[in-house]
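Hello,

Here is the structure I said I would pass on. My notes follow below it.

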Amino acid sequence: FRTPGGFMSVKIVGVVQEKFLSENEFILQREKFESLLADRKADSISAAYVAGLMLDKELRLNGPVFWTVAEDFFRRVKEEHIDPTKLQSLNVTTDELRLLDADLGKMGDSVVASHRDGALTVGQLMQSLENMPGSLRPRVRTPENLKAAIGMIVRNQYLVQEAKRLGMERDPDVLFEYGMQRDETLASAYYERRSAEVQVSPE
């Protein structure tokens with residue numbers, strides 16, 4: 001074929017074709033695709049459901065309290081803690097939350113956000129973050145991060161109320177998923193504790 005400097009010829013000397021090695025491998029690949037498509041559909045359905053649930057909840061931030069809290073979060077929370085082993089990266093550590101608890105102790109009863117059915121106090125915000133497994137805590141370093149985290153916490157409160165109304169605490173699928181996440185959290189905490197006990201010298 002023609003190139004700016006003249007002509008070029010190419011000889012193909014080999015080809016690699018990806019083939020399914022067996023019927024089992026084909027089934028496995030198909031299951032991965034089906035799972036991916038199901039997850040995407042579930043994400044869009046759940047997003048629409050949550051948007052509908054929160055539509056009339058009138059969630060509002062209490063400006064003066066929010067900005068005071070946001071300043072403390074920005075001062076205490078460092079950048080994301082990346083785990084080199086890829087097992088558990090943290091957006092905010094338990095130690096950082098302890099320091100924030102001390103900083104914001106006197107503001108515990110102050111309302112940081114209000115909604116149609118009540119309010120979220122600074123104390124409740126801190127308690128919610130502390131109760132979350134480390135790997136599931138949201139980013140809370142910047143005001144924008146904190147605003148999103150408050151929205152998520154209030155959303156979760158409404159989702160819990162709705163789940164209780166529907167009797168989901170007795171649903172076998174919910175109980176199974178809860179058990180899986182509980183075991184994963186416990187295993188992660190166990191790994192973290194045991195790995196902290198291992199001393200490795202530079203040599």
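**The sheet and the core**

Three strands make up an open sheet, ordered S3-S4-S5, and their pairing is antiparallel. Please keep in mind that this is a predicted model. Strand S3 (60–61) and strand S5 (118–121) are the edge strands, each pairing on one side only. Between S4 and S5 the antiparallel pairing runs over 4 bridges. Histidine 115 stands opposite glycine 118, which lies in S5.

Two helices pack on this sheet. H4 touches S4 and S5, and its direction makes about 70° with that of S5. H5 touches S3, S4 and S5, with its direction at about 50° to that of S4.

In soluble globular proteins, nonpolar side chains tend to be buried together. Here the largest nonpolar core has 29 residues, and the members that touch the most others are Val69, Phe73 and Leu146. Two or more residues each come from helix H1 (23–54), helix H2 (63–76), helix H3 (94–104), strand S4 (111–115), helix H4 (122–131) and helix H5 (143–165). H5 gives the most to this core, with 7 residues.

Which residues does valine 69 touch, leaving aside those up to four places away in sequence? They are Leu104, Met107, Val122, Leu125 and Leu146.

Regards

Terms used. Residues numbered from 1 in each chain as written. Predicted model: local features only at pLDDT ≥ 70, side-chain atom pairs only at ≥ 80, totals over all residues. Heavy atoms only, no water. Core = buried A, V, L, I, M, F, W, Y, C linked by side-chain atoms within 4.5 Å. Buried < 20%, exposed > 50% of the residue type's maximum accessible area, 1.4 Å probe, protein only. Contact = heavy atoms within 4.5 Å. Pairing = 2+ DSSP bridges. Axes fitted to C-alpha atoms, helices over the stretch in contact; angles between N-to-C directions.
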